[in-house]
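Look at the model below.

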Amino acid sequence: MEARKKLDLLALSSVPLVMTLGNSMLIPVLPQISKKLGINAFQVSLIITVYSIVAILLIPIAGYLSDRFGRKVVMVPCLIIAGVGGAVSGWASWKMDDPYTVILLGRVLQGIGSAGAAPVVMPLIGDMFEDDEQISAGLGLTETANTAGKVLSPIIGAVLAAFVWFLPFWFIPFFSLISVLLVFFLVKVPKQEDDEKQSFKEFAHCVKDIFKQNGKWLFAIFAVGCTIMFVLFGILFFLSDLLEKQYAIDGVKKGLVLAIPLLALSISSYFSGKKIGQDRHLMKSVIIIGMCLVTFSFIALRVQHSLIFLISFLVLTGVGIGITLPSLDALITEGIEKEQRGTITSIYSSMRFIGVAAGPPVFSYLMSVSEHLVYYISAGTSVIAVMVVMLFIKPDKDFEKDPNQLPKLA
């Protein structure tokens, strides 16, 4: 991979890193926010959920706009909006006696910014490279940055909140500004000819044809992506609460414990992205293995969940999710033509955000009923994901006969 493209990738990797920090950084602080504002577990979970709901609604629109007008034109303003949203939440927490509603408003702005920033990274990497192995490696790098953000975020959030509980909100515009500068000055977007641009009617017809021809495997990938984020953010919310209430682990120590399974996720994601190449049979196998590891982890935790056991099997969960994500990204990016790639990958990002949005409130309810339900639901949804992959993602069997032909998904 040429040095110029490496700089582009490093700059692009800052976008999912910043977006992840801006969301996951708050997870270890949620119990503290709940106490400071005098709100219950469900209300505090909405600080994560409203951000995600807004992103769900706007990501497909941002995807279309990026296909129509350019990736960078959409990405840079949205990064700025995300930073403004963080500043609004930070200001309300600092200056207002009852800041909860305005904090949510700031999170809405952050969700708008996120909708047009992180999801555009995947199609842009697809635009930058012609070789599928380079696309897979590039996607693996950005997914690693995403998961690295998840590793760093509980530690950074806990450290910041140790000084002032609302300080994590104020660091969102700081991180966003860094990403804006990197993307603006370092990312060189491949030029798109004017005659390549489609009218909305033509574009909508093409997207309809894509789902008509490829609907089964696309919806399967959407479902698995949603499931992974549902389990991941749900279990992080659960673990953050459990460590504080049951094991009296809070502050920076809690951030470090939360980072352990996320570090496993990040490392496995990096190596998975480098190894899968353009072999879609391998991608399917890796997804199945990854989700089986997640299923096994939660079955084991239902049997025994002492602290050491809990962390050990959540590390295994992290590995399972980590090896799965780059394969999902590569399948959907390499399987769609460049002209519609932004919209299709954005719909996929929306599905992932549905999981992010649903995880904390659903797990909050499960925790109030029975801790065991957390393990049952996590294992059950993971089993369903395995079945969906096995039934609906079917790489072309003829690919083995012609290694020079790009594999297709049935």
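What follows covers a surface patch and then a cavity.

This is a predicted model, where local features need pLDDT of at least 70, side-chain atom pairs count only at pLDDT 80 or more, and totals for chains, interfaces and linings use all residues. Residues are numbered from 1 along each chain as its sequence is written, and side-chain values use heavy atoms, with hydrogens and water left out.

Take the surface. V159, F163, V164, V252 and L256 make a nonpolar patch of about 420 Å². Patch residues have over 30% relative accessible area and no salt bridge, and nonpolar side chains are joined within 5 Å. Helices α7 (132-163) and α10 (251-275) each give two or more residues to this patch. Helices here are DSSP runs of H or I, at least four residues long, numbered from the N terminus.

L256 sits in α10. Its relative accessible area is 45%, so L256 is partly exposed (between 20% and 50%, with a 1.4 Å probe and protein chains only).

Now go inside. The model has five cavities of 30 Å³ or more. A cavity is a set of points on a 1 Å grid where a 1.4 Å probe fits but cannot get out; lining residues have an atom within 4 Å of a point.

The second largest cavity holds about 90 Å³ of space. Which elements supply at least two residues each of its lining? They are α9 (200-245), α10 and α12 (307-334). The largest share, four residues, comes from α9. Among the lining residues are L232, P261, L314 and T317. By class, the lining has eight nonpolar, two polar and no charged residues.

How values were computed: Patches are made of residues with over 30% relative accessible area and no salt bridge: like charges are joined within 9 Å, nonpolar side chains (Val, Leu, Ile, Met, Phe, Trp, Tyr) within 5 Å. Accessible areas come from the Shrake-Rupley method with a 1.4 Å probe; for residues, only the protein chains shown count as cover. A salt bridge is a side-chain nitrogen of Lys or Arg within 4 Å of a carboxyl oxygen of Asp or Glu. On a 1 Å grid over the protein atoms alone, a cavity is a set of points where a 1.4 Å probe fits but cannot get out, and a pocket is an open set with protein on both sides within 12 Å along at least five of seven lines; lining residues have an atom within 4 Å of a point. Grid points are joined across faces, edges and corners, and a volume is the space filled by probe spheres set on the points. Ala, Val, Leu, Ile, Met, Phe, Trp, Tyr, Cys and Pro count as nonpolar, Asp, Glu, Lys and Arg as charged, and the others, Gly among them, as polar.
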